[in-house]
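Here is a briefing on a ligand site and a strand arrangement. Look over the model first, then read the points below.

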Amino acid sequence: MCGIVGYTGGRQAAPIILDGLAKLEYRGYDSAGIAVKNNGGEMQIVKAKGRLKVLCELTSDGENLGGVCGIGHTRWATHGEPSENNAHPHCNDEKTVVAVHNGIIENYAPLKAKLMRRGYTFYSDTDTEVATKLVDYYYKKYNEPLRAISEFALHARGSYALAVMFSDYDGEIFAIRKDSPMVIGYTDGGAYLASDVPAILKYTRKIYYIDNYEIARLNANGVTFYNLDRDEIQKQSTLIDWNAEAAEKGGWEHFMIKEIHEQPDVIKNTVNYFLQDGKLNLSELKLTDKQLSEIDSIIITGCGSAYHVGIVAQYVIEDLARIPVRVEIASEFRYRKHVLTGRELVIVISQSGETADSLAALRDMKERGIKTVAVVNVVGSSIAREADGVLYTKAGPEISVATTKAYSAQLIAMYLIALKFASLRKTLTEAYYDSLINELVSLPDKISRVLENKSEVQKFASEMVDKKDVFFIGRGIDYAICVESSLKLKEISYIHSEAYAAGELKHGTISLIENGTLVMGILTQSELIEKTVSNLKETESRGAYVAVLATEGNDNLPADFRKLSSLPKVDEHFSASIAVIVMQLFAYFLSVLRGNDVDKPRNLAKSVTVE
Ligand code: M6R
């Protein structure tokens with residue numbers, strides 16, 4: 001999704017803004033632009049289609065652009081093709097009101113028509129130009145920037161993080177947000193705004209999260225916040241507990257491989273945070289044991305990999321805690337006519353905490369009076385703030401578009417929720433409960449062992465690099481692992497891939513198996529292995545090349561199956577945490593071998609803030 005960076009203070013703005021935009025590249029974009037202004041000077045706007053480096057080249061890394069106040073943007077096209085013309089910043093005809101925007105103005109068409117009736121003309125296809133000219137219209141009408149911004153908010157529908165400069169207001173940036181992320185920072189050196197913390201972390205760890213319909217006014221002396229009535233409001237800052245290095249590559253070739261290797265630590269941190277002196281503490285759910293005991297079913301929702309965590313959790317929670325669990329893709333869930341008892345717990349899983357469909361699902365459930373809990377990585381994000389309770393995963397900043405460490409941390413949070421319900425519902429013996437806790441504590445070492453054997457996976461990837469289609473099959477939790485493995489593979493290697501419940505393939509999809517099609521079987525669930533092996537055999541006899549990922553000790557597998565590295569033994573409820581590491585590595589190595597942009601795969605965005 002689009003990235004926004006703004007700076008105003010005593011230093012040259014453009015290099016700071018371009019550096020910040022580079023930190024937001026992971027969000028996905030197809031064009032970039034910047035506007036800067038010196039006190040008393042003209043507004044300078046430079047835009048370029050394609051990578052940020054084009055804009056950096058055009059401006060000599062910003063050195064050619066004088067000015068101590070500015071806003072920059074990386075655009076992920078929604079309205080209008082990726083082009084210089086559609087790139088942000090957008091401006092009014094006089095270039096006196098300039099804005100960048102993330103989100104979608106849903107009623108941009110009627111607003112545009114209204115502005116056209118008032119004499120405005122438009123040079124781009126974007127909703128952002130409409131937003132900018134709407135602000136301009138109200139600025140001309142009321143001659144007051146805060147009023148112009150609040151009138152914009154009263155008339156625009158949709159989602160936005162909007163940053164505006166008015167040439168009449170030297171050294172000032174005005175910003176507002178609704179359902180799109182925006183953070184503000186201030187140090188002695190000046191004031192900053194950005195779509196995400198890594199863009200400004202180099203300068204400050206003291207961050208303000210602005211809420212929906214709050215306005216921020218930034219200048220060299222500080223930041224002031226207002227509500228839509230333009231009354232000043234006080235806001236608390238949050239101290240970010242990870243440092244700038246955490247969001248840097250630190251010598252790794254890609255963020256993805258760095259983040260894959262961070263997983264033992266991330267899991268350790270997440271487990272240790274919620275397990276104090278061997279006792280599980282989930283008080284951040286903000287639900288008493290009595291309230292939790294009254295819950296009669298769990299609904300899990302999320303998108304992409306977060307949804308896949310939900311699929312694993314469904315098996316784990318139902319089996320360990322014997323409570324009905326339903327898991328549903330947030331973009332479908334939100335439109336369902338649900339039949340609810342009022343005794344459900346809804347768990348929304350999201351790394352970014354800003355995914356539009358997940359947020360909408362959460363709001364829908366809250367409106368119906370259902371208890372909600374979020375499992376979120378980004379502190380202060382919308383989902384985290386709006387859910388009744390939040391379990392923060394301790395993954396640190398995840399930059400690679402393809403999630404790895406956040407997925408793993410989400411699994412841990414869901415295992416812990418399973419254990420909490422199991423202990424309240426007394427579904428496990430004390431000894432088994434304790435052994436599961438020990439298993440969680442032992443996971444990081446086991447994952448480190450898998451990582452030590454990564455060259456085996458690299459070799460396998462080099463043998464498979466020309467495959468056109470890959471099928472992942474498994475049953476139970478193995479199926480859940482397949483779904484994530486398949487998404488990981490397709491999103492960064494661009495190889496077509498599908499995940500199938502092993503027993504389902506023969507109901508149609510098996511007709512796609514040809515000579516040499518790669519079929520990968522995930523075999524960690526001992527009770528289901530024989531069945532999946534039969535399904536693998538069915539594909540092999542139709543020409544498939546079969547490879548399997550199994551837990552060590554499983555020696556009864558057909559000799560002609562290609563065996564990938566054996567997985568360290570773990571309680572089978574938690575096997576997704578081990579198996580997925582191999583599949584992340586497989587996708588990563590294939591992506592590298594095929595020369596793809598691993599961290600920023602085509603067409604994708606890290607945080608999907610549009611529906
Ligand atoms: O930020 P979220 O966890 O809500 O994001 C959900 C999905 O967009 C995300 O998991 C996506 O599928 C990733 N690209 C997967 O690697």
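From which domains does the shell around the ligand draw at least three residues each? Domain 2 (256–450) and domain 3 (454–593) each supply at least three. The model is predicted.

**Ligand shell**
- The ligand is surrounded by 14 residues.
- Ser350, Gln351, Ser352, Thr355 and Glu491 are the closest of them.
- By class, the shell holds 5 nonpolar, 7 polar and 2 charged residues.

**Polar contacts and cover**
- Ser350 places a polar side-chain atom 2.6 Å from a ligand oxygen atom.
- Ser352 also has a polar side-chain atom 2.6 Å from an oxygen atom of the ligand.
- At Val401 the backbone takes part: one of its polar backbone atoms is 3.3 Å from a nitrogen atom of the ligand.
- On its own, the ligand has 420 Å² of accessible area, and the protein covers 91% of that.
- Helix H9 (304–321) and helix H16 (477–493) are the elements that give two or more residues to the shell.

**Strand arrangement**
- Seven strands form an open sheet with antiparallel pairing.
- Their order is S5-S6-S7-S8-S12-S13-S14.
- Strand S5 (90–91) and strand S14 (232–233) are the edges, and each pairs on one side only.
- Strand S13 (residues 222–226) runs antiparallel to S14, and 2 bridges join them.
- Which residue of S14 stands opposite Tyr226? Glu232 holds that place.

Notes: Residues are numbered from 1 along each chain as its sequence is written. This is a predicted model: local features need pLDDT of at least 70, side-chain atom pairs count only at pLDDT 80 or more; totals for chains, interfaces and linings use all residues. Side-chain values use heavy atoms; hydrogens and water are left out. A residue is near a molecule or strand if one of its heavy atoms lies within 4 Å of it. A polar contact is a pair of N or O atoms within 3.5 Å; within protein, one must be able to donate a hydrogen and the other to accept it, and residues adjacent in sequence count only if both atoms are side-chain atoms. Accessible areas come from the Shrake-Rupley method with a 1.4 Å probe; for residues, only the protein chains shown count as cover. Helices (H or I, at least four residues) and strands (E, at least two) are DSSP runs, numbered from the N terminus. Ala, Val, Leu, Ile, Met, Phe, Trp, Tyr, Cys and Pro count as nonpolar, Asp, Glu, Lys and Arg as charged, and the others, Gly among them, as polar. Domain bounds come from an automatic or database domain assignment. Two strands pair if DSSP finds at least two bridges between them.
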